Amino acid sequence: MKTVLALETSCDETAAAVVRDRTVLSNIVASQIDIHRRYGGVVPEVASRAHVENLGAVVEAALQEAEVTWGDIDGVASTCAPGLVGALMVGVTAGKTLAMLHDKPFLGIHHLEGHIYASYLSQPELQPPYLCLLVSGGHTSLIHVQDCGRYEMLGKTRDDAAGEAFDKVARLLELGYPGGPVIDKLAALGDRTAFKLPEGNISLPGGGIHPYDSSFSGLKTAVLRLVQSLKDDGVDPLPINDLCASFQETVAKGLTKRTMRCAQDYGLTTIAIGGGVAANSGLRQHLAAAAAATGLTVLFPPLKYCTDNAAMIGCAAADHLERGHQSGFQLGTRSRMDLAEVMTLYA
Ligand code: KG4
Ligand code: ZN
């Protein structure tokens, strides 16, 4: 059993948690959404400064709520890649400092591995192999989870991530930031068959489509053109609910098709969903229906573990620590890093 204090500062949530193997002892998240909303998206420099201001109190709260002392902590972990470098640096510097001060091992954790581990927090009995569909503001990935630190990326987006598409479409419909939750809410009031939109498939040079990769920038442009033509036709007010419902339906259907095909092709019977877009009700409905029809199991972690948090980082760190993995204090941060490189984080 390993007990880890984990820090997550890769984007706009300042988070700390204490995790014992797959059990969450505390999970504190200070969201910066209200700060970034006025700019319509995350401003990196503003994010770094807010992490510096908030991290001390967030760590203190995580230790207090877990009712642990430093004597109970076996290691300290920080998200070190991928993400906003300045933001990551705050968590990594704080994590290393605490580890040095209290003479504990330090572990850098890959943010996407953290999202994968979120599934274990609500399903402690889950074991690899399985397929993880990771859909967030920065990623749209189909990952074959083989073991701790062993991942094969089977599908990805060629341009915008799914959450980014929600955010961009919300912006062009003037619905504010972040776009996912508001589109989801308005979609429930609209007709999802109102408009036909492209599903974001990737055409292959030799004909046919890529079975697992997505492209969402064309879908966003299609919504833009549709809005323009509705305006040109004098449609006022715009059918916002129908636009949201049709857009969401298109994303959900496309992702579901690719995910199911991937699971079946690789003989994987369990699909775990992660990332902020896992909250989307359209995606949940489509995946649940497709899984029921094919006998596959789909796991949706609770929302608090789908969006960025430190508990998922702590869960990954506890597993690495159990296997004797730890990072050197010279470990840096990286804005980009393939999931296949995870094991290079451990000396
Ligand atoms: O995983 P996350 O918290 O942060 C990243 O690592 O990116 O995901 C945030 C993304 C945002 O793009 C947000 O619009 C999207 O998740 N999101 C949703 C919903 N809730 C959050 N997208 C669709 N439907 C939702 N209900
Ligand atoms: Zn994330």
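## Helix α9

In this predicted model, helix α9 covers residues 281-294, a run of 14 residues. At 1.5 Å a residue the helix should span 20 Å, and its end C-alpha atoms are 20 Å apart, which agrees. The expected span is 1.5 Å times one less than the number of residues. Helices (H or I, at least four residues) and strands (E, at least two) are DSSP runs, numbered from the N terminus.

G282, L283, H286, L287 and A291 of α9 are buried. Buried means under 20% relative accessible area, exposed over 50%, and partly exposed in between (1.4 Å probe, protein chains only). Seen down the axis of α9, the buried residues fall within an arc of 150 degrees, so they line one face of the helix. The arc is that of the directions from the helix axis to the C-beta atoms. The exposed residues A292 and A293 are on the face turned away from the buried side of α9. The cover over the buried residues of α9 includes β6 (130-135), α6, α8 (240-265), β9 (270-274) and β10 (297-299); contact means heavy atoms within 4.5 Å.

## Helix α8

Helix α8 has 26 residues. Its first and last C-alpha atoms are 38 Å apart, close to the 38 Å expected at 1.5 Å a residue. Of the 26 residues in α8, 19 are buried, and the helix is mostly covered. G267 follows α8 and has a positive phi, near 65 degrees.

## Packing of α5 and α6

Two packed helices are described by the angle between their axes and the distance between the axes. For helix α5 (residues 162-172) and helix α6 (residues 179-187), the angle is about 70 degrees and the axes are 8 Å apart. That makes α5 roughly perpendicular to α6. Angles under 35 degrees count as roughly parallel, over 145 as roughly antiparallel, 65 to 115 as roughly perpendicular and the rest as oblique. Axes are lines fitted to C-alpha atoms, for helices over the stretch in contact, and angles run from 0 to 180 degrees between N-to-C directions.

F166, D167, V169 and A170 of α5 meet G179, G180 and I183 of α6 in this contact. By class, four of the contact residues are nonpolar, two are polar and one is charged. Ala, Val, Leu, Ile, Met, Phe, Trp, Tyr, Cys and Pro count as nonpolar, Asp, Glu, Lys and Arg as charged, and the others, Gly among them, as polar.

## Backbone exceptions

Most residues other than glycine have a negative phi, and most peptide bonds are trans. The bond from A81 to P82 is cis, with omega near -20 degrees, and P82 lies in the loop between β4 (75-81) and α3 (85-101). D236 and P237 are also joined by a cis peptide bond, with omega about 0 degrees. P237 is in the loop between α7 (217-232) and α8.

D21 has a positive phi, near 50 degrees. This residue sits in the loop between β2 (13-20) and β3 (23-31) and is partly exposed, with a relative accessible area of 24%. The phi of D103 is positive too, near 55 degrees. D103 lies in the loop between α3 and β5 (106-110) and is exposed, at 70% relative accessible area.

## C315

C315 belongs to helix α11 (residues 311-322) and is buried, with a relative accessible area of 2%. Leaving aside neighbours within four places in sequence, C315 is in contact with V19, D21, R22, Y117, Y120 and L121.

## Conventions

Residues are numbered from 1 along each chain as its sequence is written, and chains are lettered from A and ligands numbered from 1 in the order in which they are written. In this predicted model local features need pLDDT of at least 70, side-chain atom pairs count only at pLDDT 80 or more, and totals for chains, interfaces and linings use all residues, while side-chain values use heavy atoms, with hydrogens and water left out.
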